[in-house]
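Here's a quick tour for anyone meeting this one for the first time. Take a look at the sequence and the fold, then read on.

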Amino acid sequence: MEIVANLPSPEECASQILDYSGHKFEPDIAGDLWLKILQHKWFLSEKLGRDVGIKVACLDFLENTDTVRQELREEEIARLLRDLGAQMVDRSVWDTISDSQPPKRIVAKRIILPLTETDLAQKHGVIPPRTIIFFGPPGTGKTYFVRAIASVLQWWYIEVSPSDLMADGQDRLGRNLKLLMEGAAGLDEAVIFIDEFEEIAGNRDQASRIDKSITNEFLKQVPLLKRRAGKILLVCATNYIRDLDAALLRPGRFDCIIPVGGLDVQGRRTIFDYYLSKTNSGKVDTDKIVSLIPLFTPADIEYLFQKVSQVAFERELVRGEDYRLTTDIFLELLPKVRPSLSEEIIKEFELDCIDYTRY
Ligand SMILES: Nc1ncnc2c1ncn2[C@@H]1O[C@H](COP(=O)(O)OP(=O)(O)OP(=O)(O)O)[C@@H](O)[C@H]1O
Ligand SMILES: [Mg+2]
């Protein structure tokens, strides 16, 4: 069977298919598709006993062949996931957060449950949030929470930093943001996470012309995202909620603005136990150590364990016998880890909580 003599370029194929059917495909996919359409034209002509046109073959192929449509959709989604660097986060991440670690309860009640108990939410007119900001001091677990949300929902997790969006120049940021949001709209269930949000959504009065255009692009994209059918959650995180553009913080743009602050005793203990379970531990008085680190963030606890584990490793190497962590080694190394929080930082954060929290 001779199908083609001169095959059009992939770009030409994409443009022809778009012309005939209104469906837009990437050139590499369109090139393969074109061959299949030509093949289909031949089959269809044989079946009907007359020569059918390429446009008819194209429409028939795309619109009546369910498996083809399915395959194309899967191909498109696989490409999107690859381009966006999407990950599936292990379910266990959510469980490593203590119920008392702020803001686990808020997140469960306000974000997770309305998305999982959809019928009940609908019955009571609860609209699941689509756009969320987490704010709080460094190392308090903002990124960890976003991963945990993706993990418990089992949605794709797509992390974007301002530097990714500016990889091909700062003036491309607005355009890349638009492409990201449009691309993510093609996925059914995804959490898009933009870290260091103040870098792209800083106060417009103080910012340069480029920054203003980015905030404007963002203001355009948020309502579009909300209107789309797919289950897409946009989460942004910042250490500097005060620096964000006031226009973005108005109700209607972000559905929830959630603080992520310091840990209580239970929160510290859960994280401490989590890291302890990954070590070669002996008898450790967890309560005692946890009571000595009131101003530690999750990041500080993780760092303490890095230090302790390194020392344990070195000691076993020197002594040549099993070395188990005890309370003493923690007490020895605690003075070497400075807490990230201070009374002053906590006071400022509490003021931010009053001024900005909304859920
Ligand atoms: N519940 C938890 N259990 C175990 N580890 C945790 C938990 N919460 C946070 N961590 C760890 O603490 C560190 C800091 O958390 P994370 O990166 O989420 O903080 P952050 O608020 O996003 O910080 P930054 O403002 O610097 O971006 C991470 O390495 C993370 O894995
Ligand atoms: Mg972070």
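## Around ligand 1

Which residue has a polar backbone atom 2.9 Å from an oxygen atom of ligand 1? That's G139. Before going further: this is a predicted model, where local features need pLDDT of at least 70, side-chain atom pairs count only at pLDDT 80 or more, and totals for chains, interfaces and linings use all residues. Residues are numbered from 1 along each chain as its sequence is written, chains are lettered from A and ligands numbered from 1 in the order in which they are written, and side-chain values use heavy atoms, with hydrogens and water left out.

For A299, a backbone N or O atom sits 3.5 Å from an oxygen atom of the ligand. On its own, ligand 1 has 630 Å² of accessible area (Shrake-Rupley method, 1.4 Å probe), and the protein covers 80% of that.

## Who makes up the shell

There are 17 residues around ligand 1 (a heavy atom within 4 Å), and K142, T143, Y144, Y275 and E302 come nearest. By class, the shell has 8 nonpolar, 7 polar and 2 charged residues; Ala, Val, Leu, Ile, Met, Phe, Trp, Tyr, Cys and Pro count as nonpolar, Asp, Glu, Lys and Arg as charged, and the others, Gly among them, as polar.

Domain 2 (99-260) and domain 3 (265-340) both give residues to this shell, so ligand 1 lies between them. The domain bounds come from an automatic or database domain assignment.

## The largest pocket

About 720 Å³ of space lies in the largest pocket. A pocket here is an open set of points on a 1 Å grid over the protein atoms alone, where a 1.4 Å probe fits, with protein on both sides within 12 Å along at least five of seven lines; lining residues have an atom within 4 Å of a point. Of the 22 lining residues, R79, L80, L179, E182 and G183 are the closest to the centre.

The lining divides into 10 nonpolar, 3 polar and 9 charged residues. Domain 1 (10-64) and domain 2 (99-260) both contribute to it, so the pocket lies between them.

Note on methods:
Grid points are joined across faces, edges and corners, and a volume is the space filled by probe spheres set on the points. A polar contact is a pair of N or O atoms within 3.5 Å; within protein, one must be able to donate a hydrogen and the other to accept it, and residues adjacent in sequence count only if both atoms are side-chain atoms.
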